[in-house]
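Please keep the sequence and the 3D view at hand while reading.

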Amino acid sequence: MVTPRRNLISVSNTPYYHCISRCVRRAFLCGQDPLTGRSYEHRRDWVEKKLLQLGRIFCIDVCAYAVMSNHTHLVLHIDIAKANRLNNKAILIRWHKLFKSTFLCQRFLNGELLTQTELAAVNARVNLYRERLRSISWFMRVLNESIARKANQEDECKGRFWEGRFKSQALLDEAALAACLAYVDLNPVRAKAADLPEQSDYTSIKSRINAAQNNKQPKSLMRFAGKPRKHMPKGLPFELKTYLQLVDWTGRSIREDKPGNIPENALPILERLDICTDNWLTLTTSFTRSFKNTAGKEQAITAYANHMKRKRRSSISTSRALFA
């Protein structure tokens, strides 16, 4: 039985979610169709530009992404604090970049005087938009709908372009987050679409590597904030250098012609997250097959199930085996 979307996303449990969208049947999102020889490579640019644009408009941070030939992988972070911090005018300006609003909202933005009743109507509308701007469902809806419309127009056809809305997995702790980030960043390497992470076009890892060469982090992606500490700034709870080393080691290890050895400088993050190296390779090569709706250690999944009032704990046996 399919779990309703509202019962999958719970910010009080985790703000991080892994989202997957897949094309219907043989539809090609990007890449080369081997049967017709037609190239859809330009659609990668559509997805990346729209994705990063939405990351600037929504109160949702893009942590990782990979645009594959017939599906996309995203790791998203819901920024509740930002959504609550923005004033009414800021919320309306963001919303108007995507959709039209009511006549009253337009008058409010233009600085016109409104009655108390009209202001109440504007506030109600702003609260609705505020909720949508921090909603992963709305984020994915706007992203996928815009790509589907452009693709159908280009193909001169109608109907579904995506299999469904999207699949999501709650990343309940740091271990699940690190494994999922590496899983997404290494998708092109596993699919043999690229030999190295820095050669993986239209991925977050290439963007991070390009920025790191200039001692920077890309503004369009959620930054790495370093090791968890008392006064932790907003960002992924890892060090960028250590994460890049970890991805590089993982990529070498999963390739049959380069088994590789574990570098000393990649060990601390695995030790800190308490994951053995064999289990780490399983996590980063079959993340979506290993976990269903939730991913994390046993105690995190148990707490999530109790909070969501579920009798069954999803993927609990896999969690015990891989995070032991």
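## Basis of the report

The structure is a predicted model, in which local features need pLDDT of at least 70 and side-chain atom pairs count only at pLDDT 80 or more, while totals for chains, interfaces and linings use all residues. Residues are numbered from 1 along each chain as its sequence is written, and side-chain values use heavy atoms, with hydrogens and water left out.

## The sheet

Five strands form an open sheet in the order S2-S3-S1-S4-S5, with mixed pairing. Helices (H or I, at least four residues) and strands (E, at least two) are DSSP runs numbered from the N terminus, and two strands pair if DSSP finds at least two bridges between them. The edge strands are S2 and S5 (294–295), each of which pairs on one side only.

Helix H6 (residues 136–155) packs on the sheet and touches S1, S2 and S3, contact meaning heavy atoms within 4.5 Å. The direction of H6 makes about 145° with that of S3; axes are lines fitted to C-alpha atoms, for helices over the stretch in contact, and angles run from 0 to 180 degrees between N-to-C directions.

Strand S3 (residues 71–78) is largely enclosed by the rest of the structure, because eight of its eight residues are buried. Buried means under 20% relative accessible area, exposed over 50%, and partly exposed in between (1.4 Å probe, protein chains only). Both faces of S3 are covered: one side carries His 71, His 73, Val 75 and His 77, the other Thr 72, Leu 74, Leu 76 and Ile 78.

Strand S2 (residues 60–67) runs antiparallel to S3, joined to it by seven bridges, and the two form a hairpin with three residues between them. Strand S1 (residues 16–22) also pairs with S3 in the antiparallel sense, over seven bridges. Val 75 stands opposite Ala 64 and is also the bridge partner of His 18.

## Strand S1 and strand S4

S1 is mostly covered, with six of its seven residues buried. Four bridges pair S1 with strand S4 (residues 167–171) in the antiparallel sense, and Ile 20 stands opposite Lys 167 there.

## Helix H9

In helix H9 (residues 204–212), the buried residues include Ser 204, Ile 205, Arg 208, Ile 209 and Ala 211. They cover an arc of only 165° around the axis, which puts them on the same side of H9; the arc is that of the directions from the helix axis to the C-beta atoms.
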